[in-house]
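Subject: Structure for you to look at

Dear colleague,

I am passing on the structure we spoke about, together with notes on what was found in it. Please open the sequence and the model side by side before reading further.

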Amino acid sequence: SYFRLYSNDLTGSIPTQLGDLSKMVQRFDLYSNALTGPIPTQLGGLSEMTSNFRLWSNDLTGPIPSQLGALSEITQVFQLRQNSLTGPIPSQFGALSEMTSYFYLFSNTLTGPIPTQFGALTEMTSNFYLFSNALTGPIPTQLGGLSEMTNNFELYSNALTGPIPTQLGML
């Protein structure tokens with residue numbers, strides 16, 4: 001079933017109690033609102049969700065909770081894009097190994113390195129977007145593990161350094 005409150009003018013923070021919807025929700029859509037504050041760690045409790053975790057186009061702030069790595073059943077559509085999120089990308093996102101497409105963290109102010117654990121996303125076929133952040137450091141060689149990619153691998157507009165890993169030739 002779906003929990004969809006997108007494209008409204010909803011304000012305020014996301015209630016922590018929404019993390020209790022774990023048995024009900026297959027899709028969780030709060031995008032295109034005016035929600036503020038941090039992403040509640042309790043949303044990691046939506047661990048039985050299989051697709052569509054979308055919080056994009058709000059004004060969410062603070063770090064991405066590592067607990068969202070518990071959403072390991074999601075096969076497609078994980079979107080936190082176009083917010084004001086800061087801090088590093090949680091390494092726990094390597095646990096999202098069922099993801100096949102639409103992993104969007106772009107247009108935030110995320111910092112730090114790209115987690116090497118993203119190499120575990122071996123089912124990704126398209127739309128892996130980390131662009132328009134403030135990510136630093138080298139591109140991890142482990143991203144060559146995304147060898148099923150056929151479309152749209154985008155890391156531009158960051159502060160990445162070092163050589164382009166030859167392993168990216170496996171994409």
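**Two sheets**

Phe 128 has Phe 153 as its bridge partner in S13. Before going on, please note that this is a predicted model, in which local features need pLDDT of at least 70 and side-chain atom pairs count only at pLDDT 80 or more, while totals for chains, interfaces and linings use all residues. Residues are numbered from 1 along each chain as its sequence is written, and side-chain values use heavy atoms, with hydrogens and water left out.

The protein has 14 strands and zero helices, where strands (E, at least two residues) and helices (H or I, at least four residues) are DSSP runs numbered from the N terminus. Pairing between two strands is counted if DSSP finds at least two bridges between them.

Seven of the strands make an open sheet with parallel pairing, in the order S1-S3-S5-S7-S9-S11-S13. Its edges are strand S1 (2-4) and strand S13 (151-154), each of which has a single partner strand, so one side of each is left without a neighbour in the sheet. From one strand to the next, the twist averages 10°, with axes taken as lines fitted to C-alpha atoms and angles running from 0 to 180 degrees between N-to-C directions.

Within this sheet, strand S9 (residues 101-104) and S11 run parallel and are joined by three bridges, and Tyr 104 has Tyr 129 in S11 as its bridge partner. Strand S11 (residues 126-129) is in turn joined to S13 by three bridges, again with the two strands running parallel, and here Ser 126 is partnered by Asn 151 in S13.

A second open sheet of seven strands has the order S2-S4-S6-S8-S10-S12-S14, and its pairing is also parallel. Strand S2 (11-12) and S14 are the edge strands of that sheet, each pairing on one side only. Strand S6 (residues 59-62) pairs with strand S8 (residues 84-87) in the parallel sense over two bridges, and Thr 61 has Ser 84 in S8 as its bridge partner. Strand S10 (residues 109-112) and strand S12 (residues 134-137) likewise pair in the parallel sense over two bridges, with Thr 111 standing opposite Ala 134 in S12. S12 and strand S14 (residues 159-160) run parallel and are joined by two bridges, where Thr 136 has Ala 159 as its partner in S14.

**Core and buried residues**

Of the 171 residues of the protein, 47% count as buried, a word that here means under 20% relative accessible area, with exposed meaning over 50% and partly exposed lying in between (1.4 Å probe, protein chains only). The largest nonpolar core has 41 residues, and those with the most contacts inside it are Phe 28, Phe 53, Phe 78 and Phe 103; such a core is a set of buried Ala, Val, Leu, Ile, Met, Phe, Trp, Tyr and Cys residues joined through side-chain atoms within 4.5 Å.

Gln 79, which is found in strand S7 (residues 76-79), is buried, with a relative accessible area of 6%.

**Two loop serines**

Most residues other than glycine have a negative phi. Ser 32, found in the loop between strand S3 (27-29) and strand S4 (34-37), has a positive phi near 55°. Ser 57, in the loop between strand S5 (51-54) and S6, also has a positive phi near 55°, and is partly exposed, with a relative accessible area of 28%.

**Overall dimensions**

Along its principal axes, the C-alpha trace of the protein spans about 45 × 25 × 25 Å. Residues 24 or more positions apart account for 67% of the contacts with a separation of 6 or more.

With kind regards

Notes. Contact means heavy atoms within 4.5 Å.
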